Every structure is written in C-alpha cells, then in structure tokens.
Amino acid sequence: MKPLRQFDLNLLLLLEALLTECHVSRAAERMFLSQSAMSHALNRLRQQLDDPLLVRSGNRLKPTPRATAMLPEIRQAIRMIEHSLSPPAPFDPSRSDRCFTIASTDFFEALILPPLMQNLQLTAPGIRIQIEVIRQDGNLKQLENRELDLIVGLDSKQPVDPQLISRSWHTEPLACLVAEGNTQVDQHLSLEQYCQLNHVIFSDLAGVTSDQIDQWLAQQQRRRNFIACTVNYMAGARIVAATDAVMTLPRQMALLFAQMLPVKLITPPPGMPEIEMVSLHHPLYSNDPGLKWLLEQLQQ
C-alpha cells in the first residue's frame, strides 16, 4: 500500500484526461484548468509514477507503454469510484419484491395494516409486510442489524434508545368501552363515575399507556382500580364484554370492537389526554429509498 499512500489521488482524473487526449491543452479544457496547471500536474505525475507518461513524437505526444497499459485500469477505477459515490437508485415500489419487517402495536396491525395492504396490492403488488411484536428492549439490535425496518405505533411517552430516530406518526383520542348491557353508565362519564368503575387496563412495553391515564388522574388526586391488565386490546375488549368493567383505549380500536363484540362506546371524562404515537428507525438506514417510501405510505 506504500505507493498508493504516496500517490496524490486528486491527480487520477487528470491522468485519465491526459492519457485519453494525449494533448495538454485539450486535457486542460476537458478538466476546466489552465494549460499551465495541467502541465504542472503532468510533471507531478511523471515524478510520482517515475515514468514520462507522454513523450513528444514529431508534433504530437504519444503515451509510453506503461501509460498505455495503465489507461484501461485507471478508467475502470474511476468508474468504480463514481458508482460508489453515486446516490442510491430510486425506489420503484411497482417493481420491488422487498419484504419490510415492522414491529408494531395491535392498533397498527388491526387498523392500519389492512388498508395499507389493500393499497399495496394495487400500487406495489410484489412488496410484502411482515409484522413482529415490539420487544422489551425496543428492538434496537434488530433495527441495527436490519432484521427489522421500523417500529410503528409506540406511545411517544415510552422511553427509547436515543440512537433511534423518532418521528411523530399519529395522535388518537381515547374512548371508553363497556359491555353492551352495562346499565351502570350513561353515554358520558364524569371523573367520579370513571374512578368508581372496575377497569381493564392496557399496558405496553413499560405500562406507558396506562401510566399516562393514571398520571392524569393523580394530578387530580384520583385513582382507579383494575381487575385485569392486558397487553392486547382484543383480550381486554372480550373481558369488558363479559364483565361490568370499563376499558380506556384508542377511539378507532373501540369502534372496531363495537362492530365485533357486544360492547359499546362511551365518552371518557373531560380532559383525558390523547395518545401520541411515533415511528422509530435506525439512523444507519435513514437514506434508504425503500424505507423513505414506506414511511411516506404509513404517514398517509
């Protein structure tokens, strides 16, 4: 590697121009340099390569045997460097067969994934989506190793590794869900009524969703009692359908369960906070055209 360390790589393009043109003035024009600057570069190249490179023959310059042998390899090296430095090719979803792996909440899986897949079948039929659960460690290693492309739907209050890039994705109001035959409640819950009921609570990786509600209650010197804690909205909704308990969850999820189970929506106490959801990806892949495209689809 000693000769390479000693060679000024800035001269590589000038060397290719000189050997191609076999003319100092034309090579200078091609590289937007003065003739004197190109002559100086040729002298430096001769010194570094210990070869005259171009020798006058009559009224023109001819390349030496070494220069003639070097030129194809120099051109190939320049093409390889140009290819390496070129921006990545645009992502064409209509032709791609890429499989994207997403760790998500069941909010994303139940409400966003079906219409997303419907759209992809029309615009990107070769693309596949694989869903995984969000792990306790936040899937950092999976994102870094590219075993996972995205995390979507995590509560913004959830602490995550600061290395990851977090983007606001969706804000959702909360609703309360009770059994269809529950006669303890009307259409609107007061704060006092809300705290008197039994609750089924939902907990994500660190109990953030429930903690957010409980912290809000604590600010008003209130608390709630729960009979079950679940990490799955569907399980919670089925418990609600079979008991006198109430569950607080994203409104769109509550509407979905009201179509599937004997449950109904009621309005939570005034002032209850909304859920702010984010997407997470690893900064190593922020410029991946495919990932950028996927993030655009999810934002839409």
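A: Helices (H or I, at least four residues) and strands (E, at least two) are DSSP runs, numbered from the N terminus. This is a predicted model, in which local features need pLDDT of at least 70, side-chain atom pairs count only at pLDDT 80 or more, and totals for chains, interfaces and linings use all residues. Residues are numbered from 1 along each chain as its sequence is written, and side-chain values use heavy atoms, with hydrogens and water left out.

Q: Which residues of H6 are buried?
A: Buried means under 20% relative accessible area, exposed over 50%, and partly exposed in between (1.4 Å probe, protein chains only). In H6 the buried residues are Asp 106, Phe 107, Phe 108, Leu 111, Leu 113, Leu 116 and Leu 120.

Q: How does H5 read, and where does H5 bend?
A: Helix H5 covers residues 65-85, 21 residues in total, and reaches 31 Å between its first and last C-alpha, close to the expected 30 Å. Its bend is about 35° at Leu 71, and Pro 72 follows within four residues. Ala 67, Met 70, Leu 71, Ile 74 and Ile 78 are buried in H5. Contact means heavy atoms within 4.5 Å. The cover over the buried residues of H5 includes helix H2 (12-21), helix H4 (35-49) and strand S2 (60-63).

Q: Now the sheets: what is the strand order of the one that holds S12?
A: Two strands pair if DSSP finds at least two bridges between them. By that rule, five strands form an open sheet with mixed pairing, in the order S4-S3-S5-S12-S6. S4 (128-133) and S6 are the edge strands with a single partner strand each, so one side of each has no neighbour in the sheet. Neighbouring strands here are turned by 25° against each other on average, direction ignored.

Q: Which pairings does S12 make there?
A: S12 pairs with S5 (residues 150-155) in the antiparallel sense over four bridges, and seven bridges join S12 to S6 (residues 165-172), also antiparallel. Val 278 in S12 stands opposite Leu 154 and is the bridge partner of Ser 168. Six of the seven residues of S12 (275-281) are buried, so this strand is largely enclosed by the rest of the structure. S3 (99-104) and S5 pair in the parallel sense over three bridges, with Ala 103 partnered by Ile 151 in S5.

Q: At about what angle does H6 run to S4?
A: Axes are lines fitted to C-alpha atoms, for helices over the stretch in contact, and angles run from 0 to 180 degrees between N-to-C directions. H6 (residues 106-123) runs at about 175° to S4, lying across S3, S4, S5, S6 and S12.

Q: What is the order in the sheet that contains S9?
A: This open sheet of five strands, with mixed pairing, has the order S9-S8-S10-S7-S11. S9 (225-230) and S11 (263-266) stand at the edges with a single partner strand each, so one side of each lacks a neighbour in the sheet. Its neighbouring strands are turned by 35° against each other on average, direction ignored.

Notes: Expected span 1.5 Å × (residues − 1). Bend = angle between axes of the 7 residues up to and from the residue.
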